[in-house]
Protein chains: 2
Amino acid sequence: MATAPRNALDKRRMILDAAVRVFARQGFHHCRVSDVADEAGVAYGLVYHYFDSKEEILNTLFLERWGVMLDAIGEIDARDIPSREKLRSVAGFIIDSYRHDPDLMKVIIVEVTRAANSFGALHLAEIRKAYEGIAAIVEAAREEGSFKSDIPSEFAAMCFYGAIEQLLTGWIFEVLPRTDDEFERAKDLIVEAICGGLENGVTGHGPASG
Amino acid sequence: MATAPRNALDKRRMILDAAVRVFARQGFHHCRVSDVADEAGVAYGLVYHYFDSKEEILNTLFLERWGVMLDAIGEIDARDIPSREKLRSVAGFIIDSYRHDPDLMKVIIVEVTRAANSFGALHLAEIRKAYEGIAAIVEAAREEGSFKSDIPSEFAAMCFYGAIEQLLTGWIFEVLPRTDDEFERAKDLIVEAICGGLENGVTGHGPASG
DNA sequence: GCCAAGATTGACTGATCAGTCAATCGCCTG
DNA sequence: CAGGCGATTGACTGATCAGTCAATCTTGGC
């Protein structure tokens, strides 16, 4: 750290942040490295001073953010609250992540988690950890009897995560309105829909009527 | 039809079928037009005799298959059966589509419906029609009182479709086992999870215990 | 003021590939 | 069998871009 104390890391961060904006706007495959450099206000070659390749930029962005999410899921699972509350917290965390940095979440979802043929395959193990974290929450609920025992926890986790990702995709595609109210409402609705089900019936956690 | 009676259309079909295999194996962006031509056993130039561009091949594949699915959803909605049965039929149709031609469904999902930055945006309107078809089924159920009135039908449709697509993605990524038993089981589980919910409770359509 | 080391620059290279096109083939018609 | 027309071929072109690299700048220590 003798000769590159602060600005070096700042520049690296600037490139990463610029990449988020460019990847979100144009897509990873439809942008040039020079677009990222321009957006960052930096010379082309500097990108290669900090990163080995264009792909490494995306990998870095993904691993950074996904790690935060996995930590959050683990922390939520450890809380002493009802299972439904845990799932509500997970949904809340992911939705807030999107609200806080929609470009970054767009890049991660569109370019990595939903890109089976390229980065999705590369990060498969990492992506699975999220399913497994959710499945652990469901499994505990099954064991304590609050969740149905005949729906495997891995299956439930896929449904839950799939519903959230579809919701995010709706916002990304601008199919769904993106207001603070909608984001908050979605947190409740997704838990009510997945945990309580779409059908009417006595489920203990009835919807707040009104 | 005088000079190109049969073989002309056959060749076009051969190119489309070859493209499905190549796109599924290598991904749309990571394959060359020459790969498709080779796979079809046809000269490079012939691809451009039948299609204006590489993209038009993908568009054709998507629109062909998506049209079939939209028709199926419409037909299922018109049936005189309970809403849960309708959703079970939709899930069944999509899962059977994957079982029947996994490569084609992989291409459609990975390269179109989940590709927000490229083809997804292009076919957004078409993709939305599927959500709307499912939402129509849910809406009818809400009106007759069998589904909760406080979960908007569009929201429910996103959850339902998202869960199914996540399931398909699991199979595509080979995260989930792909056996006939699993496919059949998934049809029941997905409806039970989404309509009945993950939580235990009296929901009318209780799971078959055993 | 001078030096060393890392930071920064951007022109350049090499490879890749979508799409073109002129030539050839093969079938049908008259 | 000649003429014509669409089907078929594959070498070629033009453009694009990821990644390289030698030169230049900046900074901090002495």
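Predicted model: local features only at pLDDT ≥ 70, side-chain atom pairs only at ≥ 80, totals over all residues.

Modeller: Happy to! Let's start at Ser89(A), which sits in helix H5 of chain A, residues 83–100. Helices here are DSSP runs of H or I with at least four residues, strands are runs of E with at least two, and both are numbered from the N terminus. Ser89(A) counts as buried because 20 C-beta neighbours lie inside 10 Å. The scale behind that word is simple: a residue is buried with 20 or more other C-beta atoms within 10 Å of its own, exposed with 12 or fewer, and partly exposed in between, with C-beta atoms placed from the backbone.

Residues are numbered from 1 along each chain as its sequence is written, and chains are lettered from A and ligands numbered from 1 in the order in which they are written.

Now for helix H6 of chain A, residues 102–113, which is mostly covered, with nine of its 12 residues buried. Among the buried residues of H6(A) are Leu104(A), Met105(A), Val107(A) and Ile108(A), and also Lys106(A) and Glu111(A). For chain A as a whole, buried residues make up 42% of the 210 residues.

Stepping back to the fold, chain A has 10 helices and zero strands. Its C-alpha atoms fill a box of roughly 65 × 35 × 35 Å along the principal axes. Of the contacts in chain A with a separation of 6 or more, 62% join residues 24 or more positions apart; a contact means that the C-beta atoms of two residues, placed from the backbone, lie within 7 Å.

Helix H8 (residues 124–144) and helix H9 (residues 153–172) of chain A pack at an angle of about 120 degrees, with their axes 8 Å apart. Those axes are lines fitted to C-alpha atoms, for helices over the stretch in contact, and the angles run from 0 to 180 degrees between N-to-C directions. H8(A) and H9(A) are therefore oblique to each other, given that angles under 35 degrees count as roughly parallel, over 145 as roughly antiparallel, 65 to 115 as roughly perpendicular and the rest as oblique. On the H8(A) side, the residues that meet H9(A) include Ala130(A), Tyr131(A) and Ile134(A), while the H9(A) side includes Ala157(A), Phe160(A) and Tyr161(A). The residues of this contact between H8(A) and H9(A) divide into 10 nonpolar, one polar and three charged. In that count, Ala, Val, Leu, Ile, Met, Phe, Trp, Tyr, Cys and Pro are nonpolar, Asp, Glu, Lys and Arg are charged, and the others, Gly among them, are polar.

Glu174(A) has a positive phi of about 60 degrees although it is not a glycine, and it is exposed, with 11 other C-beta atoms within 10 Å. Its counterpart in number, Glu174(B), has a positive phi near 65 degrees.

That leads to the partner chain. In total, 49 residues of chain A are in contact with 50 residues of chain B. The elements of chain A that give two or more residues to this side are H8, H9 and helix H10 (180–196). H9(A) provides the largest share, 13 residues. By class, the side of chain A that touches chain B has 24 nonpolar, 18 polar and seven charged residues. The copies meet through the same surface, because 100% of the interface residues of chain A are also interface residues in chain B.

Finally, the symmetry. A rotation of 180 degrees with 0.0 Å of shift along its axis superposes chain A on chain B, with an RMSD of 0.0 Å. The two copies are thus related as by a two-fold rotation axis. In chain A, the C-alpha nearest this axis belongs to Gly197(A), 1.7 Å from it. The superposition is by least squares on the C-alpha atoms of residues with pLDDT of at least 70 in both copies.
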